[in-house]
Amino acid sequence: MKIRVNFLGTMERLAGQPNMEVTLQDTSTLEDAVHQIGQSFGDKFPPDIWDDKREVFTHRVKMFINSTEVEVLGQTLQDGSEILILVPVAGG
Amino acid sequence: MNGYMGKLLRVNLSQGNITEEPLDFNIARDYIGGAGLATRIIFEEVPADTDPLSPQNKLLFMTGPMTGTLFPTTARYEVCTKSPLTGIWLDASSSGRWGNFFKRTGYDGIIVEGASDKPVYLWITDDHAEIRDASAIWGQDALTTQDSIRREVGETRASVACIGPAGEKQVLLACVINDEGRAAGRGGAGAVMGSKNLKAIAVNGTKRIRWGGDETYRKMSQTFTIGLAASILSTMLGKDGTAVGMDSGWVTGDVPVKNWRQGMWKEGSIKLGGFRMSQTILKGQDACLGCPIRCARHISIEQGPYKMDGPGPEYETLAMLGTLLLNDNLEAVCWANDLCNRYGIDTISTGGAIAFAMEAYEKGLLTKADAGGLELSWGNVNAILELVKLIGERQGLGDLLGQGVKRAAEKIGHGAEAFAVHVKGMEVPAHDPRAFFSMAANYATSPRGACHLHGNPLAFELGLVMPEAGITFKQGRFDREGKGLAAKVSQDFASVANSMVVCSMAAMSMQPAIVAGFLTLACGTPYTSQDVLSAGERIVNLQRLFNLGCGITGADDKLPQRLLEPTTEGGQAGKIPDVAYQLKEYYRVRGWTPEGVPTAEKIKELGLEFATTGSQITAKG
């Protein structure tokens with residue numbers, strides 16, 4: 001299946017592109033998608049948002065699947081799912 | 001007490017005299033400096049029933065023990081007074097260079113009292129202060145005023161904190177402007193300055209600040225600065241400014257839209273966001289003296305009706321003069337921001353007031369004739385800019401809106417209070433408590449009315465923990481439990497930051513133990529983590545006692561009706577915080593009664609017994 005990943009704000013700046021398409025096996029989870037994102041961009045993400053050992057984002061990063069906020073990496077994805085990835089700011 | 005200069009200036013404008021007095025180091029230890037120390041001074045010297053715009057009110061400009069040291073973000077200052085907008089406690093903070101340049105004249109703060117019978121400004125150099133005639137500059141806008149005074153004193157380096165025409169006319173949204181477009185924005189401190197006929201305070205200190213700890217302090221500051229500069233926070237804010245909050249805030253529902261009625265406006269938020277600004281009109285990053293974050297923007301619009309070159313808008317301004325009004329014209333927001341700087345009015349409250357007027361117009365409670373012929377439809381850029389001018393000049397409908405939405409709603413009547421978005425008279429800043437529930441308890445109880453700088457607990461909902469203060473794990477933003485504690489801890493810690501007089505962006509990168517380490521060295525007296533947290537709690541409680549004396553009760557600790565109505569779209573759709581539940585928890589963890597009054601035990605614990613025997617608290621019992 002194919003899913004679309006959109007990087008917002010600072011994530012777009014760090015990734016160097018606004019979005020990407022990820023191809024996954026059926027029944028894949030958000031964690032599988034994050035691992036693939038890390039393979040493409042992990043070296044561009046600083047350690048306070050990317051855990052290089054676990055190959056996952058840190059708590060500073062929020063993710064939404066089809067506009068619904070997700071906290072659990074085990075959530076399964078559907079063909080055509082859209083993931084938003086952003087780093088919220090607590091101030092300004 | 002190495003971090004302090006050890007002296008305060010007292011300026012009596014009625015008598016035209018200036019005196020020096022020593023800083024009470026015992027009090028300074030308990031209140032740190034800045035807003036904390038000012039709380040103690042104002043509590044003792046300004047009776048609660050004082051008319052904020054009378055000569056009896058006092059206006060304090062304060063620095064902290066770390067101001068001007070190697071610790072980053074310490075060029076700030078705090079303006080403290082009784083607010084004419086809310087009628088309660090006010091401290092407003094600004095940065096740039098002024099705080100550093102003032103402290104280096106040899107003083108920790110200024111207490112301005114009385115009122116001059118003609119326009120004046122203060123000129124302060126090393127160990128010297130004088131009152132000068134400001135008749136020739138009265139009427140000038142806040143940016144021109146700074147240039148005029150620098151020319152008059154013959155010092156291009158001098159830093160000037162001043163009011164614009166709005167402060168002179170005592171518009172209740174008037175602020176204090178310094179170092180081009182930096183603002184001590186909220187609560188009407190500019191109107192208090194205007195009521196005293198005080199146009200400006202110009203400073204040019206060159207003295208060396210003695211800072212404690214010497215090499216140890218230097219190394220600690222350097223290490224902290226390097227860490228701050230390398231953090232994701234600095235990456236985000238440095239690259240795209242605080243405006244980066246627009247780029248992600250529309251997803252979570254944090255960004256207010258259409259006077260808080262609409263839950264999300266993706267297209268508008270992105271058009272006003274930091275990423276777009278960087279790609280179009282950004283000329284360069286700018287920084288307060290000694291700050292590695294560099295979140296300030298210098299923008300240049302090279303052609304068209306909004307051609308300008310100067311300070312660009314921050315997140316709050318982009319939201320309050322942009323999305324809140326359904327205005328997605330970035331260049332027009334920049335122009336409105338510049339107008340606010342020149343008139344010297346708070347961009348947050350000004351945006352809130354215009355949004356209120358647009359909704360009143362939509363509902364037929366204001367007419368085109370009321371608005372001087374303006375069509376107050378959502379997103380009407382010309383109407384927005386004209387209303388900014390009218391507020392700044394206190395003309396026409398601007399006279400009403402410049403008193404804030406609470407008073408405007410009372411005068412318009414017919415249910416207008418239902419969409420007047422304020423707490424205790426202070427317009428709500430651009431963080432939606434329906435998107436981050438902890439902001440509900442925070443806004444409801446903040447000592448100066450709705451405020452994100454006297455507590456910003458949404459940081460705890462984004463993953464910040466503070467185990468020493470009981471915040472041991474990341475809170476869910478829609479959780480029911482823990483919001484009262486989050487608000488309490490965040491307010492106490494923000495009070496510490498406002499008393500050290502450091503930027504909230506730096507403060508968010510510190511834990512109590514780190515603060516204690518710096519204060520120990522900067523002040524030359526030992527602080528523990530608990531001392532730090534107790535100082536914050538002491539300051540918040542004394543501000544509460546002052547506010548109770550001003551007539552505030554627990555019934556005033558509430559959210560405006562609009563923020564208790566769910567939106568149908570956005571990251572906060574269908575969500576409403578349980579404010580009553582949060583307040584119950586908040587009062588409990590504060591050690592306050594169910595009515596929101598500090599208990600005798602809490603007052604004793606914090607050493608505030610003096611506050612319950614004086615005139616302030618007896619006003620409400």
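In chain B, 39 residues of domain 1 are in contact with 34 residues of domain 3, two residues being in contact if their C-beta atoms, placed from the backbone, lie within 7 Å. On the side of domain 1 of chain B that touches domain 3 of chain B, at least two residues each are supplied by helix H1 (25–31), helix H2 (34–45), strand S4 (77–82) and strand S5 (89–94) of chain B; helices (H or I, at least four residues) and strands (E, at least two) are DSSP runs numbered from the N terminus. The largest share of that side, 7 residues, comes from H2(B). Its residues divide into 15 nonpolar, 17 polar and 7 charged, where Ala, Val, Leu, Ile, Met, Phe, Trp, Tyr, Cys and Pro count as nonpolar, Asp, Glu, Lys and Arg as charged, and the others, Gly among them, as polar.

This is a predicted model, in which local features need pLDDT of at least 70 and side-chain atom pairs count only at pLDDT 80 or more, whereas totals for chains, interfaces and linings use all residues. Residues are numbered from 1 along each chain as its sequence is written, and chains are lettered from A and ligands numbered from 1 in the order in which they are written.

Chain B is divided into domain 1 (7–203), domain 2 (231–427) and domain 3 (438–618), with bounds that come from an automatic or database domain assignment. The C-alpha centres of domain 1 and domain 3 of chain B lie 26 Å apart.

Between the chains, 20 residues of chain A are in contact with 29 residues of chain B. Helix H1 (10–15) and strand S7 (82–86) of chain A are the elements that give two or more residues to the side of chain A that touches chain B, and H1(A) gives the most, with 3 residues. By class, that side of chain A has 10 nonpolar, 5 polar and 5 charged residues.

Leaving aside neighbours within four places in sequence, the contacts of Ala189(B) include Leu59(B), Val79(B), Leu90(B) and Val176(B).

Trp592(B) lies in the loop between helix H24 (579–590) and helix H25 (600–605) of chain B. Trp592(B) counts as buried because it has 20 C-beta neighbours inside 10 Å; a residue is buried if 20 or more other C-beta atoms lie within 10 Å of its own, exposed if 12 or fewer, and partly exposed in between.
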